[in-house]
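Dear colleague,

I am passing on the model that follows, together with notes on what turned up in it. Please read the notes with the coordinates open beside them.

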Amino acid sequence: MGILLIATLFCWSCSNSTETEEVFVPLEDEKTEQTEVAKIQENIQNEIEAEEEVNEEDMDAMLPVFSVINAYLCENQGEYDGENPDFYWGALSYAISGIGPNYGELYGIKGEDVRLHRMVVEELASIFFPNVLELPKIPSSLKKQVWYNSNDDSYYCKVGEPGEVKTEIASYEKNDDGSVTVLASYQAGDTLEEIASFLYLLRENPALDKAVKPDFHYTIDSVSYELSKDRVSQGESPEDFAAKVQSAITLRDMEMLSLLIQYPFKVDENTMIDNEKEFMELEQTIVVTEELAREIQDTDTSQLLEIEQGYMIGEEQYNIWFALTEEGYKITGMNK
């Protein structure tokens, strides 16, 4: 009986000690574990914040792209329209001339023409106009400005002389959907006055998924801009515009003239046109008569007559009127 009682007490003691046993964790090991968890959380937070930020180098790499679009939009007083072949190839011709020199042997100069290999033009096109999957056919109206040569698999365009121009990135911000909003300014003229501000919406370049990193981290989703009357007048003087008109009339260049007119435009007592397309369908001799061409050709564009409606080139009988509009200086009337 005594032996049984001792055995029973011994078994109870063993069972009770197992139930109440606690695992001892040294204080230093506990602190180390907490530190590791804190580091992991901090790294995750840093990665999230890094994704929310815009890499300054990636943004600076887009500056030549902004410069091309800024210049083309300002000089042509147009709207960004990547699906329009005229706008598409007009802007790309600026890119071939302006960005092409960065591509070494793939770029070249032949007399008054510049050359850029097709592969580079396609890459630039995918940055400027990512929604257009294939290079469209060059419009007939631009074939003197940009063309393809199958012998060297390259595109050619005329060497451009943009004059004193400058583009600056004023600000940029990453949006919740991963896109980036960029405000860029365009400055022109001898004093580099700002004549327009552009708002770009950029998307991440789909080519980033490929093995070779592309030259540009982003592609253009959309562009909008404001061109104030004051800024236009700083960027282009009435005399500069008058010289353009004189050149277009002297050369009988209907294409250039169509870009200088404010629409709708009254050609004569019986003809009113609403846009450039309708203007290009007119007979050249109806618009530019010999009398008008002779008078405008002899005009000194540095001595303009300022009238109530703007400015006049020519004399009382044969003349052209133009004025400052929201789209810049435009021809508003003709006496021919």
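Which residues does Leu 124 touch, not counting those up to four places away in sequence? Leu 124 touches Leu 92, Ala 95, Ile 99, Tyr 103, Leu 116 and Phe 216, where contact means heavy atoms within 4.5 Å.

Two points on conventions come before the rest. This is a predicted model, in which local features need pLDDT of at least 70 and side-chain atom pairs count only at pLDDT 80 or more, while totals for chains, interfaces and linings use all residues. Residues are numbered from 1 along each chain as its sequence is written, and side-chain values use heavy atoms, with hydrogens and water left out.

The cores

Leu 124 is, with Leu 92, Phe 128, Tyr 200 and Leu 202, one of the residues that touch the most other members of the largest nonpolar core, which has 51 residues. A nonpolar core is here a set of buried Ala, Val, Leu, Ile, Met, Phe, Trp, Tyr and Cys residues joined through side-chain atoms within 4.5 Å; buried means under 20% relative accessible area, exposed over 50%, and partly exposed in between, with a 1.4 Å probe and protein chains only. Elements that each supply at least two residues of this core include helix H4 (63-76), helix H5 (85-98), helix H6 (118-128) and strand S7 (193-204), and H4 gives the most, with eight residues. Helices (H or I, at least four residues) and strands (E, at least two) are DSSP runs, numbered from the N terminus. Apart from this core lies another, of 27 residues, among them Phe 279, Leu 282, Leu 292 and Ala 293.

The H4 and H5 pair

H4 and H5 pack at an angle of about 125°, with their axes 9 Å apart; axes are lines fitted to C-alpha atoms, for helices over the stretch in contact, and angles run from 0 to 180 degrees between N-to-C directions. The two helices are therefore oblique to each other, since angles under 35 degrees count as roughly parallel, over 145 as roughly antiparallel, 65 to 115 as roughly perpendicular and the rest as oblique. Residues making the contact include Val 68, Ile 69 and Tyr 72 of H4 and Phe 87, Ala 91 and Tyr 94 of H5.

Thr 167

Thr 167 sits in strand S5 (residues 165-174) and is buried, with a relative accessible area of 9%. Its side chain makes polar contacts with the side chains of Ser 67 (3.5 Å) and Asn 70 (3.3 Å). A polar contact is a pair of N or O atoms within 3.5 Å; within protein, one must be able to donate a hydrogen and the other to accept it, and residues adjacent in sequence count only if both atoms are side-chain atoms.

Around the H8 to H9 loop

Leu 251 lies in the loop between helix H8 (238-250) and helix H9 (254-260) and is exposed, with a relative accessible area of 59%. Arg 252 is in the loop between H8 and H9, has a positive phi of about 55° although it is not a glycine, and counts as partly exposed at 23% relative accessibility. A polar contact of 3.0 Å joins the side chains of Arg 252 and Glu 290, and Glu 290 belongs to helix H12 (residues 290-297).

Backbone points to check

The peptide bond from Tyr 263 to Pro 264 is cis, with omega near -5°. Asp 153, which is not a glycine, has a positive phi of about 50° and counts as buried at 18% relative accessibility.

With best wishes
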